[in-house]
Protein chains: 2
Amino acid sequence: MKTQSKKIVLIGAGNVATQLGLSLKRSKHTILQVYSKHNTSAITLAKKLNCESTDLPKKINPDADIYIIAIKDDAIIQIVKQLKVKNKIIVHTSGSSDMNVLETLSKNYGVFYPLQTFSKNTKVKFKNIPICIEASNKETLNVLQTLSKSISNNVQEINSKQRKAIHLAAVFACNFSNHLYSIADQILAENKLSFDLLKPLIRETAGKIKINSPTKIQTGPAIRGDKKIMDAQLKILSGKKDYQQLYKLFSKSIIASNKK
Amino acid sequence: MKTQSKKIVLIGAGNVATQLGLSLKRSKHTILQVYSKHNTSAITLAKKLNCESTDLPKKINPDADIYIIAIKDDAIIQIVKQLKVKNKIIVHTSGSSDMNVLETLSKNYGVFYPLQTFSKNTKVKFKNIPICIEASNKETLNVLQTLSKSISNNVQEINSKQRKAIHLAAVFACNFSNHLYSIADQILAENKLSFDLLKPLIRETAGKIKINSPTKIQTGPAIRGDKKIMDAQLKILSGKKDYQQLYKLFSKSIIASNKK
């Protein structure tokens, strides 16, 4: 990992800003300041990073090399109206926002999208996390490449259309999978069973796709065409309309993908 | 792990029979014979286990202590009609079949359901795999307990109703999750992106539930109520009706579970 120390202002103090700030600091960059409209969040993160904080857009430090906006998509548009960064580099970390929502702020703008799920209190090792970067010009791209390579070995140049596809794929593979875990947890709890029972199976299912195409290793009643079990399982779900519908739709989709 | 060596006949030569046979053999039980209606499958597994094989029900060895039926649910009913095991112990390994489908065969019957996804060629460590057992009487339960404890540290007594709930929960958490990985893979491929990009995120998502309730750590546009992203993502899916429906149903279900 190359290091070329940068002065950075973090705009946002949520999960992504927290983990990114900590990781950049560990890689010897200087976090000058944390901005958040929630003053206590800004202070909490600033303490962790040993830097200044503010909740006023006009007090954002003008001396940084790079401004990183790590806030909700809707809020990006709001903060853009209030920011002045002249020709500094400004990036956002969003999977779904276009790069050019930043174009009014500077000629040097881009995206720095780490493809991972973050919690404030779980330390994240960025080393293997894909970082998807995009930039308005070659010079900015070079800076973002050096910056992202200072914390990750997996840096990818990805355009806005591709980044949106990645985000959508992540919603399916991760957000929706997690909801399936919730449904399973609920089914077990209703039968006085612990969710712990399923954990080895969940681990193995997610582990198998490291080396296998998920389509090729699909298992379960639907892919076997086991109508008897499918009917019996739908019956267990009677009274849970959403889950029945999900069950039917998944079974249909699994059967269809098997025919391709 | 206790070992009290048993003589076992395996009825079936698929993924479960293979991994179970190998594991039981490693734990010093004697696999007397493999039966499969597909002779080549029977021979292949018998070679691995260094035992006899047959494809004729009437040639099934009568001298075993335990007969383990590890075949599809529909096929269980067929083989039951052809078997003669007198008062030996007979069990099946199915998540969805009632225990009493075996009651005509012996007074000593039960279920031995290992809660894991199996492939023929991936060696499975049974040590941490939950084995759900159920038996027609106390003596049989004791034998199944000793047998399952000889290969796993996670043995649970589970009745037929609970076992069906576990199987259903596993279909949601594992079979359906894997299909979500397939959908994600397809979305990425259509945008000339590698599925490798998502693997760290999938690993982290499945890893997080080790210590967290999945309901409490749900992330993504739906739980945030980010309608703008949800609309944009549905638009990307236009032309893929099944995936759009899944997306809508998941979003609805995630939002509903957040209100509980």
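**Close-up views of a predicted two-chain model**

**View 1. Strand 6 of chain A is mostly covered.** Six of the six residues in this strand, 109-114, are buried. The model is predicted. A:Y109, A:V111 and A:Y113 point one way. A:G110, A:F112 and A:P114 point the other way. Residues on both sides of strand 6 are buried.

**View 2. Strand 6 of chain A pairs with strand 5 and strand 7.** With strand 5 of chain A the pairing is parallel, over three bridges. In that pairing A:V91 has A:G110 of strand 6 as its bridge partner. With strand 7 of chain A, residues 131-135, strand 6 runs antiparallel. Five bridges make this second join. A:Y113 faces A:C132 of strand 7 here. A:G110 and A:Y113 point in opposite ways from strand 6, and both are buried. Strands in a sheet pair through backbone hydrogen bonds, in either the parallel or the antiparallel sense.

**View 3. Strands 4 and 5 of chain A run parallel.** Strand 4 covers residues 66-69 and strand 5 covers residues 89-92. Four bridges join them. A:I66 stands opposite A:I89 of strand 5. Strand 5 also pairs with strand 6 of chain A, again in the parallel sense.

**View 4. The open sheet of chain A holds eight strands.** Their order is 3-2-1-4-5-6-7-8, and the pairing is mixed. Which strands stand at the edges? They are strand 3 (52-54) and strand 8 (155-157) of chain A. Each has a single partner strand, so one side of each lacks a neighbour in the sheet. On average, neighbouring strands of this sheet are turned by 25° against each other, direction ignored.

**View 5. Strand 6 of chain B is mostly covered.** Residues 109-114 form this strand, and six of its six residues are buried. B:Y109, B:V111 and B:Y113 point one way. B:G110, B:F112 and B:P114 point the other way, and all of these residues are buried. Strand 5 of chain B, residues 89-92, pairs with strand 6 in the parallel sense. Three bridges are found there. B:H92 has B:V111 as its bridge partner in strand 6. On the antiparallel side, five bridges join strand 6 to strand 7 of chain B, residues 131-135. B:F112 has B:I133 of strand 7 as its bridge partner.

**View 6. An aromatic pair crosses between the chains.** Over all chains, a search of the whole structure finds 11 aromatic pairs. One of them joins A:Y247 and B:F176. The pair is edge-to-face, with 5.4 Å from centre to centre and 70° between the planes. A:Y247 sits in helix 9 of chain A, residues 241-259. B:F176 sits in helix 5 of chain B, residues 160-190. Are these two residues buried or exposed? Both A:Y247 and B:F176 are buried.

**View 7. One aromatic cluster draws on both chains.** From chain A it includes A:F172, A:F176, A:Y243, A:Y247 and A:F250. From chain B it includes B:F172, B:F176, B:Y243, B:Y247 and B:F250. A:Y247 and B:F176, the edge-to-face pair, are both members of this cluster.

View 8. Most residues other than glycine have a negative phi. Phi of A:K192 is near 55°. A:K192 lies in the loop between helix 5 (160-190) and helix 6 (199-208) of chain A. Its relative accessible area is 76%, over the 50% cut-off, so A:K192 is exposed. In chain B, B:K192 has a positive phi of about 55°. B:K192 lies in the loop between helix 5 and helix 6 (199-208) of chain B. B:K192 is exposed too, with a relative accessible area of 77%.

**View 9. Chain A is shown as a whole.** Nine helices and eight strands make up its secondary structure. Its C-alpha trace spans about 65 × 40 × 35 Å along the principal axes. Of its 260 residues, 58% are buried. Among contacts with a separation of 6 or more, 53% link residues 24 or more positions apart. The accessible surface of chain A is about 11,700 Å². Carbon and sulfur atoms account for 49% of that surface.

Terms used. Residues are numbered from 1 along each chain as its sequence is written. Chains are lettered from A and ligands numbered from 1 in the order in which they are written. This is a predicted model: local features need pLDDT of at least 70, side-chain atom pairs count only at pLDDT 80 or more; totals for chains, interfaces and linings use all residues. Side-chain values use heavy atoms; hydrogens and water are left out. Two strands pair if DSSP finds at least two bridges between them. Helices (H or I, at least four residues) and strands (E, at least two) are DSSP runs, numbered from the N terminus. Axes are lines fitted to C-alpha atoms, for helices over the stretch in contact, and angles run from 0 to 180 degrees between N-to-C directions. Rings of Phe, Tyr and Trp (its six-membered ring) pair if their centres lie within 6.5 Å; planes under 30 degrees apart count as stacked, over 60 as edge-to-face and the rest as tilted. Buried means under 20% relative accessible area, exposed over 50%, partly exposed in between (1.4 Å probe, protein chains only). Contact means heavy atoms within 4.5 Å. Accessible areas come from the Shrake-Rupley method with a 1.4 Å probe; for residues, only the protein chains shown count as cover.
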